[in-house]
Amino acid sequence: MNEPTSIDNSTVLVTGASGFIGGHIVQSLLDKKCNVHCLVRRSSDLRWLDRTRVKLHFGDLADPLFLDDFLNQIDYVFHCAGLTQAKSRKEYFRVNADACQNLYEKCSDAGKNLKKIVHLSSLAAVGPALPNAPVNEATPCKPVTFYGKSKLAGEKIAGRFSSSLPITILRPPVVYGPRETNFFTFLKGITKGWNVKMGSSQRVLSLIYVQDLVDAMLKAAVCPTESGNAYFITDGNSYSWDLVVKTASNLLNVKPRTLRIPDSLLIFIGLFLEFISIYRTTPPLLDSQRMIDIRQSTWTASSQKFFDDCKFDPQYDLQKGLEETLNWYKEHQWL
Ligand SMILES: NC(=O)c1ccc[n+]([C@@H]2O[C@H](COP(=O)([O-])OP(=O)(O)OC[C@H]3O[C@@H](n4cnc5c(N)ncnc54)[C@H](OP(=O)(O)O)[C@@H]3O)[C@@H](O)[C@H]2O)c1
């Protein structure tokens, strides 16, 4: 396989640019002197985007009428928009699947010069692994939640367009790093001296630090892979949840007490939190769908194929990634 070329100075579109991962990729693309177009919504929180250096386009991807008059200038698309939490199956599918159809139809019509679309999917699209057997690209997809099912539907749409558009699909596991807010809630609990242990299983998971994921996305953009290929992308390790807690506690210099939530209570807690958020516009951090995720013991994947095909070498393990993350939270007074 040829050595990847460079994305420097290209014109790129980032969807979901106001989000956690989208915001980080925008920063890296600006560092590479790219001309960055960002698709955001009128309601998006734009505090992490440097508005003097990016071109903003306002639109809702789930609305087929979103503006697309700039697409013919674009070399690369990083499709990061997605819903990781929603109140219904319909909402997940509207954004994680229908929006892909809208975007790729527009790309087919206007984006004749596109060199690559990097489509951000998720390990959840494939589902959990068996103990000691990380999933890989040959594993049949068996998503267990609405989120996972909607991400798989998005992948299938990307797959259908892959004969006319150059698309690479990436499937990260849990992504952590500066500005992230879910993993942050766990870290905040540890800082306050509490390790909330959900369920009885010994949980094992893959992880990736956000800068490694961003670098992998940039690599995927220029790596000559077959269109429609889907790759797992992790930091190359598997971690027990106990090790995650221990690493965070050591870095924070705390000895948290463990609060155990039995398996039998998980679904009830999820349903209760859903019930009390009925009249809120945002979904709760934990709901019955999230509890299905949590009850799986093993969320691990092998990303050897991506490492080999695209010559990618992650730079962060949990210790190094968490250290940078915690420093950022402290500097920004989140912790
Ligand atoms: N974070 C993880 O651990 C993780 C793991 C695996 C895969 N992923 C995938 O990575 C992608 C990005 O995740 P993230 O963690 O960065 O999520 P995030 O912080 O919630 O960002 C999601 C982005 O998508 C945008 N978006 C949502 N609905 C939209 C719509 N209808 N039209 C246009 N934009 C819309 C959001 O815009 P607003 O700011 O307006 O809401 C936001 O910019 C998602 O596809 C997710 O499935 C994430």
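A residue is buried if 20 or more other C-beta atoms lie within 10 Å of its own, exposed if there are 12 or fewer, and partly exposed in between, with C-beta atoms placed from the backbone. The model is predicted, and local features need pLDDT of at least 70, side-chain atom pairs count only at pLDDT 80 or more, and totals for chains, interfaces and linings use all residues. Numbering starts from 1 along each chain, as its sequence is written.

Q: How do you know that strand 5 (residues 116–120) is largely enclosed by the rest of the structure?
A: A strand is a DSSP run of E with at least two residues, and a helix is a run of H or I with at least four, both numbered from the N terminus. Five of the five residues of strand 5 are buried, so the strand is largely enclosed. K116, V118 and L120 point one way, I117 and H119 point the other way, and all are buried.

Q: What makes strand 4 (residues 76–79) and strand 5 a pair?
A: Two strands pair if DSSP finds at least two bridges between them. Strand 4 and strand 5 have four bridges, in the parallel sense, and Y76 stands opposite K116 in strand 5. Likewise, strand 2 (residues 35–40) is joined to strand 3 by five bridges, the two running parallel; V36 has V54 as its bridge partner in strand 3.

Q: Why do strand 3 (54–58) and strand 11 (230–232) stand at the edges?
A: The open sheet holds seven strands in the order 3-2-1-4-5-6-11, with parallel pairing. Strand 3 and strand 11 each have a single partner strand, so one side of each lacks a neighbour in the sheet.

Q: How do you know that the length of helix 10 (residues 318–331) agrees with expectation?
A: The expected span is 1.5 Å times one less than the number of residues. The 14 residues of helix 10 should therefore span 20 Å, and its end C-alpha atoms are 19 Å apart, which agrees.

Q: Which residues of helix 10 are buried?
A: They are L318, G321, L322, T325 and L326. An α-helix has 3.6 residues a turn, so residues three or four places apart point the same way. On the other side of helix 10, Q319, K330 and E331 are exposed.

Q: What makes helix 5 (residues 210–222) largely enclosed by the rest of the structure?
A: 10 of its 13 residues are buried, so the description applies. Among them are V210, L213 and K219. Helix 5 reaches 19 Å from its first C-alpha to its last, close to the 18 Å expected.

Q: Why is K32 called partly exposed?
A: K32 has 15 C-beta neighbours inside 10 Å, so it counts as partly exposed. K32 lies in the loop between helix 1 and strand 2.

Q: With which residues is K32 in contact, leaving aside its neighbours within four places in sequence?
A: Two residues are in contact if their C-beta atoms, placed from the backbone, lie within 7 Å. K32 is in contact with I7 and D8.

Q: Which residues come nearest to the ligand?
A: A residue is near a molecule or strand if its C-beta atom, placed from the backbone, lies within 6 Å of it. Of the 26 residues around the ligand, G16, G19, S44, L61 and G82 come nearest. Helix 1 supplies the largest share of the shell, three residues.
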